[in-house]
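User: I am new to this structure and would like to go through it step by step. Please show it first.

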Amino acid sequence: MASKSKERKNRKKLKCTECSTINYFTRKNVALQNRLELSKHCKKCGKHELHKETK
Ligand SMILES: [Zn+2]
């Protein structure tokens with residue numbers, strides 16, 4: 001049970017840099033301190049846009 005709440009705490013959102021829509025969720029990898037920047041498909045833009053990690 002304790003591990004479950006911990007997982008939720010580490011969850012991050014991936015936001016489209018173009019329209020600021022949150023399209024994806026990811027779990028924070030403690031080993032990776034860098035901010036995530038991924039090219040993902042955005043439903044609102046209808047194409048691949050750069051998504052950045054947000055709180
Ligand atoms: Zn977008």
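User: Is Cys19 buried, partly exposed or exposed, and what is its relative accessible area?
Analyst: This is a predicted model. Buried means under 20% relative accessible area and exposed means over 50%, with partly exposed in between. Cys19 falls in the middle class because its relative accessible area is 24%. The answer is partly exposed, at 24%.

User: Is Cys42 buried or exposed?
Analyst: The cut-off for buried is under 20%. Cys42 has a relative accessible area of 0%, so Cys42 is buried.

User: Which residues coordinate the zinc ion?
Analyst: The zinc ion is held through SG atoms at 2.2 to 2.3 Å. In sequence, the donor residues follow the spacing C-x2-C-x22-C-x2-C. Cys19 lies in the loop between strand 1 (11-16) and strand 2 (22-27), while Cys42 belongs to strand 3 (residues 37-42), so this pair, 23 residues apart, links distant parts of the chain. The coordinating residues are Cys16, Cys19, Cys42 and Cys45.

User: What is the arrangement of the donor atoms around the zinc ion?
Analyst: Four donors count as tetrahedral if all angles lie between 85 and 135 degrees. Here the 4 donor atoms subtend angles of 105 to 115 degrees, which makes the arrangement tetrahedral.

User: In what order do the elements of the chain run from the N terminus?
Analyst: The chain has 1 helix and 4 strands. From the N terminus on, the order is α-β-β-β-β.

User: What percentage of the residues of the chain count as buried?
Analyst: The accessible surface of the chain comes to about 4,700 Å², and carbon and sulfur atoms account for 48% of that surface. Of the 55 residues, the share that counts as buried is 15%.

Terms used: Residues are numbered from 1 along each chain as its sequence is written. This is a predicted model: local features need pLDDT of at least 70, side-chain atom pairs count only at pLDDT 80 or more; totals for chains, interfaces and linings use all residues. Side-chain values use heavy atoms; hydrogens and water are left out. Donors are N, O and S atoms within 2.8 Å of the metal (3.2 Å for Na, K and Ca); water is not among the atoms, so sites may look incomplete. Four donors count as tetrahedral if all angles lie between 85 and 135 degrees; four count as square planar and six as octahedral if opposite donors are over 155 degrees apart and all others between 65 and 115; anything else is irregular. Helices (H or I, at least four residues) and strands (E, at least two) are DSSP runs, numbered from the N terminus. Buried means under 20% relative accessible area, exposed over 50%, partly exposed in between (1.4 Å probe, protein chains only). Accessible areas come from the Shrake-Rupley method with a 1.4 Å probe; for residues, only the protein chains shown count as cover.
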